[in-house]
Amino acid sequence: MTALRVVRCLPDGFLAGALRADARAGLTATPKVLPPKWFYDERGSELFEKITRLDEYYPTRAERSILRAAAGQIAAGTRARTLVELGAGAADKTRLLLDALAGAGTLASFVPVDVSETALIEAARRVAGEYPGLAVTAVVSDFEEHLGLPSGSEARLVVFLGGTIGNLLPGQRAAFLRSLRSRLRPGDAFLLGTDLVKDPAVLVAAYDDAAGVTAAFNKNILSVLNAALGADFDPDAFEHVALWDAGAEWIEMRLRSLQPQRVTLPAIDLQVTFGEGEELRTEVSAKFRRERVAAELAAAGFTMAGWWTDEQGRFGLSLSVPAERGPHGRRGSVAGRAAFHPPHPGIGEPQLGDQLGGDPLGRDRPAAEQVHRDQVLLRPGVNGQVRLGQDQHQGNRTVGEDHVAGVEHGAAAGLHRGARGGGQFRDIGHR
Ligand code: AVJ
């Protein structure tokens, strides 16, 4: 009998309340902003699935090609019993990891976490049907609010794919990574997908496709507000804008008002006006360089133990584990440290520092290396039972710190450099 559970981690009305708060704060801010999480009603999720099949939108294909090449290594290295996927959506890429972990003989449970209940339960049901005996717990949650991590003592691999971390503003990203780190312990690992800095023309095209699917996806947020708040936005009175902010190294999506207009939002007793040409920011999608990923992970108490990119260096997957020293410099437990040691002879301690060199886009790397990878070798030493039930999603904290063996290839580029273009939007806080 296929085991499928649905757990709702958010109190009733939480999302509706959050939408009202975001709409009020964002539409009364100057400049106006709305967080991208409100794109994903049923139509929004469908439009996003369509985007992932567009020629211009390379991230999904690039990440899938990396997962196809690296899933086996990640499974063998992490020996995870539980796969937790944050922002799961359709979970199709996840199958590559599920197959690899099942192949490694360690997989026991799958926990997809997403705010979009419909897409989530549909995906969870499909996975439960395809993997007999796999315990599947669909967690309806906003991972910024509640990670929905199952407790229990078995090795967990938490994955955050698709480059969705890039939709969080820097402060939110740091808070999210710290919060995740505080819930991980020895034996756990974190797999993160990050879209990489590249030719701005390629980036802008990926967010402004010729068929106008992304434009429809962007405008859909106005329909979400109309439906949820009784607003009278006219999506056709706005045009889709996608631009590259070279200073912040992120793509911004905006909706530009085509004429002066007044919008009423009765559910929050609000009227807002838009001037002609006034822009409402609906999403940032940050693009990364490898050492910035490593730096942000390290700042949150992770050690990056592995890094893969696709052939053209368009997308990066990092695998990291709780650092030996936590974010506050506290040393990890000796016992925990013993749990990790390289299973293959000849693989030394990662010398992260001296590896960070060379061309960030990998152009100095021999063409032969189709999918770039840095050996990731982990062997969780801890085994125990995971019993998934309602209360375990309250997220018991266990903090553990360990060290990982691995070899590294380099990347080089600085973090944020001086503001250029789009500045006026940057500092408006997210929710
Ligand atoms: C997969 C959610 C990260 O930012 O690239 C796609 C969302 N926005 N086209 C991204 C998105 C516009 C996407 N994420």
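Figure 1. Leu-319 is buried, at 0% relative accessibility (buried means under 20% relative accessible area, exposed over 50%, and partly exposed in between, with a 1.4 Å probe and protein chains only). The view shows a predicted model in which local features need pLDDT of at least 70 and side-chain atom pairs count only at pLDDT 80 or more, while totals for chains, interfaces and linings use all residues. Residues are numbered from 1 along each chain as its sequence is written, and side-chain values use heavy atoms, with hydrogens and water left out. Leu-319 belongs to strand E14, residues 315-322 (strands are DSSP E runs of at least two residues and helices are H or I runs of at least four, numbered from the N terminus). Trp-308 is 11 residues from Leu-319 along the chain, and the C-alpha atoms of the two are 8.7 Å apart.

**Figure 2. Arg-178 in helix H6.** Helix H6 runs over residues 170-182 and contains Arg-178. Because its relative accessible area is 44%, Arg-178 counts as partly exposed.

**Figure 3. Surroundings of the ligand.** The shell around the ligand has 13 residues, and the closest are Tyr-57, Asn-167, Tyr-207, Glu-283 and Ser-285 (a residue is near a molecule if one of its heavy atoms lies within 4 Å of it). For Glu-283, a polar side-chain atom is 2.7 Å from a nitrogen atom of the ligand. The ligand alone exposes 350 Å², of which the protein buries 96% (areas by the Shrake-Rupley method with a 1.4 Å probe). Helix H2 (42-51) and strand E12 (279-286) are the elements that give two or more residues to this shell. By class, the shell around the ligand contains seven nonpolar, five polar and one charged residue (nonpolar: Ala, Val, Leu, Ile, Met, Phe, Trp, Tyr, Cys and Pro; charged: Asp, Glu, Lys and Arg; polar: the others, Gly among them).

**Figure 4. The second largest cavity.** Two cavities of 30 Å³ or more are present in the structure (a cavity is a set of points, on a 1 Å grid over the protein atoms alone, where a 1.4 Å probe fits but cannot get out; a pocket is an open set with protein on both sides within 12 Å along at least five of seven lines; lining residues have an atom within 4 Å of a point). The second largest cavity holds about 40 Å³ of space (a volume is the space filled by probe spheres set on the points, which are joined across faces, edges and corners). Its lining is made of Ile-165, Leu-177, Leu-192, Thr-194, Phe-288, Val-293, Glu-296 and Leu-297. At least two of the lining residues come from each of strand E7 (189-195) and helix H9 (290-299). Helix H9 makes the largest contribution to this lining, with three residues. Six residues of the cavity lining are nonpolar, one is polar and one is charged.

**Figure 5. The second largest pocket.** This pocket has a volume of about 360 Å³. It is lined by 19 residues, among which Leu-15, Trp-38, Val-115, Ser-116 and Glu-117 are the closest to its centre. Helix H1 (14-27) and helix H5 (117-130) each contribute at least two lining residues, and helix H1 gives the most, three. The pocket lining comprises 10 nonpolar, three polar and six charged residues.

Figure 6. The peptide bond that joins Thr-30 and Pro-31 is cis, with omega about -10°. Pro-31 sits in the loop between H1 and strand E2 (32-33). Most peptide bonds are trans, and most residues other than glycine have a negative phi.

Figure 7. Arg-79, a residue other than glycine, has a positive phi, near 50°. Its loop connects helix H3 (59-78) and strand E3 (82-86). Arg-79 is partly exposed because its relative accessible area is 35%. In Glu-249, also not a glycine, phi is positive too, near 55°. The loop that holds Glu-249 lies between strand E8 (238-245) and strand E9 (250-257). Glu-249 has 4% relative accessibility and therefore counts as buried.

Key: A polar contact is a pair of N or O atoms within 3.5 Å; within protein, one must be able to donate a hydrogen and the other to accept it, and residues adjacent in sequence count only if both atoms are side-chain atoms.
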